[in-house]
Amino acid sequence: MKNLFARLSLRARLGLLYAALLILSVVLVSYYSYWNIWQLFTENEVSHMRARAKPIIEHWLKEQGLTAADSLRIKLKSEAFLQLAQDLTSRNAVAVILDAEGKIIASGKRLPEEPVPPPANIKYLRQAFSGMNEVTYWSERDGKPLLVFLIPLRPQPHNPKIFGVIQVSTSLAEINKILFRHGSMQISAVAIVLILGILFGYWLIGLSLKDLQNLSAACQQIARGNFSRRTKTTQRRDEIGKLAASFNLMIDKLERLFNSQKRFVANAAHELLTPLTGLRGSLEVLLRGAQDDPQALNRLSKGMYKEVNRLIRVCDQLLGLSRLENSANVDKRPIVLETFINDFKQRAKPLLQNRLFEVQNGPYLTFNADPDLLEQILFNLLSNALRYSSASSPIVLSWKLLPGYVEIRLSDQGIGMDEETLSHAFDPFFRGKPSAGAGHKGAGLGLSLTRSMVEAQGGSIRIVSTPGKGSTVFFTLPLV
Amino acid sequence: MNQDTKILIIEDDPVITEFLQTGLKYEGYEVSVSNTGAEGLRLLSRQPFSLLVLDVMLPDSDGFQVCRRLRDHGFNLPVLMLTVKKEVSDRVKGLDSGADDYLTKPFSFDELLARIRALLRRSGSVREEAVIRAGDILLDTETRQVHVSGRHIELTPTEFSLLELFMHHPRRAFTRETLLNRVFGYDYDGGTNIVDVHVNHLRNKLGDASHHLIRTLYGVGYAFYPES
């Protein structure tokens with residue numbers, strides 16, 4: 001059963017739940033109202049009959065002379081009781097007068113169409129004899145429901161002397177007939193309400209779920225690789241409308257990420273294929289016979305050596321990029337910036353050769369950074385500056401303190417970058433146009449890697465550049 | 001045999017340029033190299049070339065532009081384009097810009113040679129003879145038949161390849177390693193003794209008992225000297 005329910009569609013499940021709740025509430029409400037009406041009718045009947053009985057009894061008491069103080073001595077005749085019982089009996093109610101043992105002293109029934117009185121119920125009779133004025137209970141005679149109420153007969157109210165109990169019983173057939181008609185009307189009304197409600201509800205649920213179905217269809221298409229597929233965004237501002245909008249937003253982001261990943265892989269493959277072309281071609285030419293010529297062998301071997309180094313460099317950079325995706329690989333230590341920069345200048349000597357590299361010391365400061373990453377950042381920026389500026393122009397490094405950060409800047413007086421180049425400068429595999437006599441071609445990963453290294457430490461990097469005048473790279477690192 | 005066939009290479013990668021130049025020279029072509037499109041166009045206008053090998057990625061412009069400019073100037077020499085991308089759109093773009101053929105990096109040098117030969121044949125700048133003659137030896141590269149002084153001789157495929165290589169490059173000194181690579185393929189791992197075995201079989205079949213035709217160069221290898 002549970003499995004069957006779980007296998008149903010959401011729409012069927014919601015529909016079933018909705019129908020069950022609807023039926024339950026409608027049935028409860030109509031049962032309660034039916035019961036209330038019935039209560040009302042019977043209470044009304046009892047009070048009506050008591051009201052009718054009261055003057056008759058009072059009149060009878062007066063007639064028998066029982067209202068006087070010494071009335072208890074009067075011996076009542078059975079004719080007197082019969083008279084009272086008959087006065088209280090009508091077409092739909094019959095009265096009998098009972099003694100304390102439940103024996104009938106007098107019965108009001110004279111005509112055959114008058115109802116037959118039910119036998120006395122000793123339990124209720126005792127309650128009446130003990131002085132309770134309002135005993136009412138249900139009984140039945142020949143399967144027909146009867147409403148019975150008992151009135152203790154006494155000379156005055158509150159007089160403990162009770163010389164009999166009047167039992168009036170009335171048939172509920174009339175009330176039941178009215179209630180039955182009311183009930184059947186109610187049942188058909190409930191049935192109509194239920195059918196309409198369930199149909200409308202099912203339709204409404206379907207309408208709400210239509211967008212979910214669209215969403216699910218879109219999901220399946222996207223799962224098959226169609227990343228351009230979106231779900232229709234409706235004007236709805238409810239949860240499903242929001243879900244559709246967030247879904248589309250998510251797929252937009254994913255598509256962009258997916259495409260950039262694809263571009264990255266294509267670019268990476270391209271960067272690997274170019275040196276591989278050189279390697280393969282050189283090897284084939286050597287094997288075809290150029291190996292017999294020592295000069296050709298030497299030239300081609302040197303070329304291949306360069307290509308292998310290029311491959312290793314590209315692979316290193318790719319690995320570096322992927323390693324920096326995870327900031328757990330950043331190992332921060334306290335660094336005295338002035339000392340670090342001076343050490344770096346010493347280590348950069350082979351790269352600088354005779355170029356002028358000027359360090360303008362900023363404020364003395366210690367901060368926390370990954371020394372390996374910082375060294376690589378400086379190394380990358382310096383080699384870029386050297387590559388894109390003329391041999392006579394100086395390269396200047398300086399730093400200053402910002403709130404919570406240190407800003408390090410490196411400026412050259414090289415060829416600079418136009419806006420187009422600048423906007424792509426940090427894209428992986430993007431290369432600026434090489435200046436005449438530029439050294440080896442990089443893979444175009446240097447700045448991209450540098451940015452990753454800065455960002456992995458919680459800093460940021462930007463470039464200000466004027467074509468023909470030179471570029472300045474600013475990067476910040478947090479102090480802690 | 002490829003003398004007077006001048007090939008221009010426009011390519012900026014130094015290693016690729018190096019092996020193209022060395023390999024093509026070794027095949028007997030005359031090779032000029034230029035690193036930029038502009039310089040290449042200047043060279044083309046100065047002297048006639050039989051074929052252009054053009055890289056798509058150039059520092060000053062892309063190969064498609066160079067090719068279009070070249071056709072606009074009325075040069076109709078065959079152009080072989082070197083591309084990196086395998087995308088169809090790139091190949092179509094290359095052919096649309098006026099290139100005659102393309103190769104995707106990393107390409108095999110043998111395939112490059114085959115395509116160059118095919119392009120040269122189609123453009124009619126080189127009439128490649130199917131039958132090579134050296135002294136009284138006739139070798140038909142199409143039917144793979146060899147006749148010595150009018151008499152048909154039966155050669156194994158290896159012996160035929162050896163003889164074809166020798167006849168294409170008369171008087172060139174081949175080391176055993178080079179012969180092994182050219183005849184058995186670059187990935188053949190066996191020793192070079194097998195070359196001596198096949199050379200001796202070939203000598204016997206050609207009736208070269210005195211080793212005048214295929215000479216042994218001591219410490220080097222072999223060279224083919226056809227009788228004039």
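**Close-ups of the A–B model**

**View 1. Polar contacts between chain A and chain B.** Between chain A and chain B there are 14 residue pairs in polar contact, with both residues at pLDDT 80 or more. Here a polar contact is a pair of N or O atoms within 3.5 Å; within protein, one must be able to donate a hydrogen and the other to accept it, and residues adjacent in sequence count only if both atoms are side-chain atoms. On the side of chain A that touches chain B, the elements giving two or more residues are α6 and α7 of chain A. Of these, α6(A) gives the most, with 13 residues. By type, the residues on this side split into 8 nonpolar, 9 polar and 8 charged. Ala, Val, Leu, Ile, Met, Phe, Trp, Tyr, Cys and Pro count as nonpolar, Asp, Glu, Lys and Arg as charged, and the others, Gly among them, as polar. Helices (H or I, at least four residues) and strands (E, at least two) are DSSP runs, numbered from the N terminus.

This is a predicted model: local features need pLDDT of at least 70, side-chain atom pairs count only at pLDDT 80 or more, and totals for chains, interfaces and linings use all residues. Residues are numbered from 1 along each chain as its sequence is written, chains are lettered from A and ligands numbered from 1 in the order in which they are written, and side-chain values use heavy atoms, with hydrogens and water left out.

**View 2. The area buried between the chains.** Chain A brings 25 residues to the contact and chain B brings 27 residues, where contact means heavy atoms within 4.5 Å. About 2400 Å² is buried between chain A and chain B, and carbon and sulfur atoms give 60% of that. T277(A), E284(A) and R288(A) supply 29% of the area that chain A buries against chain B, more than any other three residues. Buried area is the accessible area (1.4 Å probe) that two parts lose on being put together, summed over both.

**View 3. Salt bridges across the interface and within chain A.** The interface of chain A and chain B holds 4 salt bridges, each a side-chain nitrogen of Lys or Arg within 4 Å of a carboxyl oxygen of Asp or Glu. D13(B) pairs with R310(A) in a salt bridge, with the closest N and O atoms 3.0 Å apart. Within chain A, R280(A) forms a salt bridge with E284(A), at 3.6 Å between the closest N and O atoms. These two sit 4 residues apart in helix α6 (residues 239-288) of chain A, so about one helical turn separates R280(A) and E284(A). R280(A) is partly exposed at 39% relative accessibility, whereas E284(A) is buried at 7%. Buried means under 20% relative accessible area, exposed over 50%, partly exposed in between (1.4 Å probe, protein chains only).

**View 4. E307(A) and its neighbours.** E307(A) sits in helix α7 (residues 294-324) of chain A and is buried, with a relative accessible area of 2%. Neighbours within four places in sequence aside, E307(A) is in contact with T274(A), P275(A), G278(A), L279(A), D13(B) and V15(B).

**View 5. Salt bridges in chain B.** R176(B) and D196(B) meet through their side chains in a salt bridge (2.6 Å, N to O). That pair links distant parts of the chain, with R176(B) in helix α7 (residues 176-184) and D196(B) in helix α8 (residues 193-206) of chain B, 20 residues apart.
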